[in-house]
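Subject: Structure handover

Hello,

The structure is pasted below, with the sequence. My notes on it follow.

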Amino acid sequence: MRKHPRLIALNVLVVAGAAVMVFPFLWAFVTSISPGAGLSATPQLIPENPSLSAYAELLQRLPFVQIVLNSLILAILTTVFQLATSSLAAYVFSRMPFKGRNAVFAVYLATMMVPLQVLVVPLFVEMKSLGLIDTYLGVLLPGVASAFGVFLLRQAMNSVPTDLDQAATLDGAGHFRIFGLIILPLVRPALATLTVFAFLNSWNSFLWPLIILRTPAMKTLPVALAALQGQYTTQWDIVMAGSVVSVLPMLALYIFTQKYIIQGVAGTGLK
Amino acid sequence: MTTVGNSKPGVLRATTTRGGNPAPIRRKPAPRLRYALTVALFLLPSALPLLFFTIVPMVSAFWISLNQWNLVGSMKWVGLDNYARLVTDPGTQGAFLHTVYYIVGYLPLVYVGGLAIALALNARIKGRSMLRGLYFLPVVTSWIVVALVWRWLLNPSTGIVNWLLGLIGIAGPGWWTDPAWSMPAIILASAWKDLGFVMVILLAGLQAIPEELYEAATVDGAGPWRRLFSITLPMLSPSTFFVIVLSLINGFQVFDQVYAMTGGGPNNSSQVVVQQIYDLTFRYGRAGEASALSWLLFLFILIITLIQVRGQKKWVNYA
């Protein structure tokens, strides 16, 4: 690598920028192990008496393990359902022509345009009449299908050559076998991308769980965190401990799936 | 002799005849019906949820918006009154203004910042994939955590941002306790979170620009700025278009960070449209007006998106 002063300056700038991106996370962690943070006007960069008491307090005041499990199970279920429903539909839009298919696909795409906010009141009413307020099923149901997922997987399936499944058809394979044994294995990268997106969206979703969940122990992590802030408005160490705990699983997932996430995002911007 | 049946989708039968004797034809029961059933089986698991949890609520939101309703009692038909009232209501006008304020502050910040980082990380820099990962980290974090952490960083009396500003002799503002600074605080946190997302989109666009263009321009004597404005930006226009459309759609729906950072306050200074919808429904029980506002927001986003899609021919260059 050539040592060019410009390049060195660029390096310094980029690293400084990255520090700005990471610092809030570090600072949240430092705060979480500094009992009584927020009482003094001079922030302590290295805590005087580091302690995990905020974490212990968090466990005591909230059914925290339960809340993490709630988020986790809902995110896993949402992901599994979205993978199943989206891949089946994508197969039809890619491989099974029928009259009016384009129109149906257009309706699917149109639902992507509808903001959740427009749906909030009637969805709430719908869930109420189904008796699903304050139930996990009520949180889960609106997210079991994803038009975005159908779109993403259809794109991937369209790039699989049709020769393969035509050959399988000649060998007597039906659509179920072609779908399961040929197409699905070939679109694995797209499935991985959808997995990450679906999990992330569910793990981070806020407005819908906020509206539908009432029982504190049933809440998901973001909703519980937002409520925590209201309750312990001055106890920043506890609020930051909760934030740290909610970031850690995402961080772990992110480290292993970075490639798919970044590729997935990059891919959505390309024509 | 084996003939493969016509290539109608799903209709594929082998008819075997030997020595004039018609072989027993295993006819599958009504192949067309079978095909239709297969299509239905594949489509329904996604079509039914989309129908019941998106399309039906969408339509019924419109129905509710034509009524006066507090979520529990009976509905009272009021026609377009809710819409008429919202358009003239100062609270709603304020919410729209604040939402526009958010977008006007957020979009340039996140685009210019994202572009600068994308350009830097497209250069030959050591450890650039790890750096990309770091810039992207906030994108995977939930809005609530981002909002809480930034509320803490921007705490007027004990936050580290004001402390650092104090070190260089600047008296930091009250941020979320000051009506003049609540929106900038939200914009700052949002831009920080989304920078990495914009960076990745633009980086993908940058990587699709052929190197020869730059080489030719350099031979012709174009400096770095000239190359940026004459090659990079025009070639990036599809990615730019995508970022702008998406940011506008998301910007008009801004909520999580507002709810967790300020709740719309202080003194309604950061009240945005979705916070207004939430408050109307769940604080004041005015579901009819909330639904009308939802529909107004939806139409607003739709019109703005359509205008952009129409206008893109003028400046977006799909090479």
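To begin with the charged pairs, R95(A) forms a salt bridge with D165(A), and their closest N and O atoms are 2.7 Å apart. A salt bridge here is a side-chain nitrogen of Lys or Arg within 4 Å of a carboxyl oxygen of Asp or Glu. This pair links distant parts of the chain, since R95(A) sits in helix α3 (residues 64-95) of chain A and D165(A) in helix α8 (residues 162-170) of chain A, 70 residues apart. Helices (H or I, at least four residues) and strands (E, at least two) are DSSP runs, numbered from the N terminus. R95(A) and D165(A) are both buried. Buried means under 20% relative accessible area, exposed over 50%, and partly exposed in between, with a 1.4 Å probe and protein chains only.

On conventions: this is a predicted model, in which local features need pLDDT of at least 70 and side-chain atom pairs count only at pLDDT 80 or more, while totals for chains, interfaces and linings use all residues. Residues are numbered from 1 along each chain as its sequence is written, chains are lettered from A and ligands numbered from 1 in the order in which they are written, and side-chain values use heavy atoms, with hydrogens and water left out.

Over all chains, the salt bridge count comes to five. In chain B, R85(B) forms a salt bridge with E289(B), with the closest N and O atoms 3.1 Å apart. That pair also links distant parts of its chain: R85(B) is in helix α2 (residues 81-88) of chain B and E289(B) in helix α13 (residues 287-315) of chain B, 204 residues apart. R85(B) counts as partly exposed because its relative accessibility is 35%, and E289(B) counts as buried because its value is 8%.

R283(B) and D279(B) also meet in a salt bridge, at 3.6 Å from N to O. Both lie in helix α12 (residues 273-283) of chain B, four residues apart, which is about one turn of the helix. R283(B) is exposed, at 56% relative accessibility, whereas D279(B) is buried, at 5%. Salt bridges that share partners also join R85(B), R286(B) and E289(B) into one network.

Next, the interface. The contact (heavy atoms within 4.5 Å) takes 92 residues from chain A and 87 residues from chain B. The area buried between the two chains is about 8000 Å², and carbon and sulfur atoms give 79% of it. Buried area is the accessible area (1.4 Å probe) that two parts lose on being put together, summed over both. M21(A), Q117(A) and V121(A) supply 9% of the area that chain A buries against chain B, more than any other three residues.

What is the count of salt bridges between chain A and chain B? It is zero.

Helix α1 (residues 5-32) of chain A gives the most to the side of chain A that touches chain B, with 18 residues.

Finally, chain A as a whole. It has 13 helices and zero strands. Of its 271 residues, 51% count as buried. Its C-alpha trace spans about 75 × 65 × 30 Å along the principal axes. Among contacts in chain A between residues at least 6 apart in sequence, 71% join residues at least 24 apart.

Regards
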